[in-house]
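The sequence and the model are shown first.

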Amino acid sequence: MSHLPSSPRIGLALGGGGARGLAHIPVLEALDELGLKPAQIAGTSIGAIMGAAYAGGLSGNDIRKMTLEIFADRNSVLSRLWQLRPRRFVDMFRPGPVQFDPQRVLEVFIAAYLPDRFEDLKIPLRLLATDFYGCQEVDFESGPLLPALAASIAIPAIFRPVTLNGRILIDGGVVNPLPFDGLRTNCDIVIAVDVVGAPVPRTDKNEISMLDSLFGASQILMQTITTQKLKIDQPDILIRPPHDTVRVLDFMKAERILDSAESLKDTTKEKLERLLKEPTLVT
């Protein structure tokens, strides 16, 4: 056993949770304000996007500005979504709800902010996806960044699955919504940001819609996975946004979500500073 080093290696796990994942931003800003850079980042779904942007060299404040810029104007968002319409006539008449190509979504919304390859990142990054037929976690740490990111965010019913390296991949939150496991190997302090949330009732409706049912069930399952993981191992710092009414696809409420999560910046700084001051022992 040894004392924490004066410059500890920090592992940062950014979890999945749709629009609630914008709450990752104040945590990133807290690290910036403390002058601390993670030695390694692991991300699932929206946490994969935030992790990729941060590992690529953007500051927490840069990511805040990028987010508010993207979602500031509904017409601008609709214009970008129009670029994602089916290109082939036959695709317009596929059975079931319309599903977007996640890589095209990334190309239209945020690819310009990201490097092309994992090897171009300034911080080592691990992105998680789910092998649909293999029923297991798939990790990406090298090679082209955008396809791995697309696989990690491929929420069922909203995005089409991603075919990569001979496997059909979907959202990483299905198997690992809070990917703090594995960071302990190379890091002295592990910070995990859990943004999954819970189903939110609609005041104007008595019935649950198909999407609310699907996303709510996913949130319950992801909460269950995380609860079981936390019984086996604990990150040194666990950050969760305040309870709110944010739904998975509420990205147009970006400013409100960020305002609601602002307290996480001070919470992260306080917990980290306390941990760094204490004669904490790590194995």
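## Helix packing and selected residues

Arg160 is found in the loop between α6 and β6, the latter spanning residues 162-164. The model is predicted. With a relative accessible area of 29%, Arg160 is partly exposed. Between Arg160 and Thr185 there are 25 residues of sequence separation and, from C-alpha to C-alpha, 34 Å in space.

The loop between α6 and β6 also holds Ala157. This alanine is buried, its relative accessible area being 19%, under the 20% cut-off for that class. Its phi is positive, at about 80°, although Ala157 is not a glycine. Most residues other than glycine have a negative phi. A second residue with a positive phi that is not a glycine is Ser45, with a value near 55°. Ser45 is found in the loop between β3 (40-44) and α2, and a relative accessibility of 5% places Ser45 among the buried residues.

The table sets out the relative accessibility of several individual residues.

| Residue | Relative accessibility | Class |
|---|---|---|
| Ser45 | 5% | buried |
| Cys135 | 64% | exposed |
| Ser152 | 0% | buried |
| Ala157 | 19% | buried |
| Arg160 | 29% | partly exposed |
| Cys187 | 5% | buried |

Helix α6 is mostly covered, with eight of its eight residues buried. These buried residues are Leu145, Leu146, Pro147, Ala148, Leu149, Ala150, Ala151 and Ser152.

How do the axes of α2 and α6 cross, and at roughly what angle? The axes of helix α2 (residues 46-55) and helix α6 (residues 145-152) come within 8 Å and cross at roughly 155°. Because angles over 145 degrees count as roughly antiparallel, α2 is roughly antiparallel to α6. The crossing of these two helices is right-handed. On the α2 side the contact is made by Ala48, Ile49 and Ala52, and on the α6 side by Leu145, Leu149 and Ser152. By class, the residues of the contact of α2 with α6 comprise five nonpolar, one polar and no charged.

Ser152, which lies in helix α6, is buried at 0% relative accessible area. Apart from neighbours within four places in sequence, Ser152 is in contact with Gly43, Thr44, Ser45, Ala48, Leu128, Ala129, Asp171 and Gly172.

The crossing of α1 and α2 is right-handed. The contact is made by His24, Ile25, Leu28, Leu31 and Asp32 of α1, together with Gly47, Met50 and Tyr54 of α2. The residues of this contact of α1 with α2 divide into five nonpolar, two polar and one charged.

Two cysteines remain to be described. Cys135 counts as exposed at 64% relative accessibility, whereas Cys187 counts as buried at 5%. With a cut-off of 2.5 Å between cysteine sulfur atoms, the count of disulfides comes to zero.

Note on methods: Residues numbered from 1 in each chain as written. Predicted model: local features only at pLDDT ≥ 70, side-chain atom pairs only at ≥ 80, totals over all residues. Heavy atoms only, no water. Axes fitted to C-alpha atoms, helices over the stretch in contact; angles between N-to-C directions. Helix = DSSP H or I, 4+ residues; strand = E, 2+ residues; numbered from the N terminus. Parallel < 35°, antiparallel > 145°, perpendicular 65-115°, else oblique. Left-handed = near helix turned anticlockwise from the far one by under 90°. Contact = heavy atoms within 4.5 Å. Nonpolar A, V, L, I, M, F, W, Y, C, P; charged D, E, K, R; others polar. Buried < 20%, exposed > 50% of the residue type's maximum accessible area, 1.4 Å probe, protein only.
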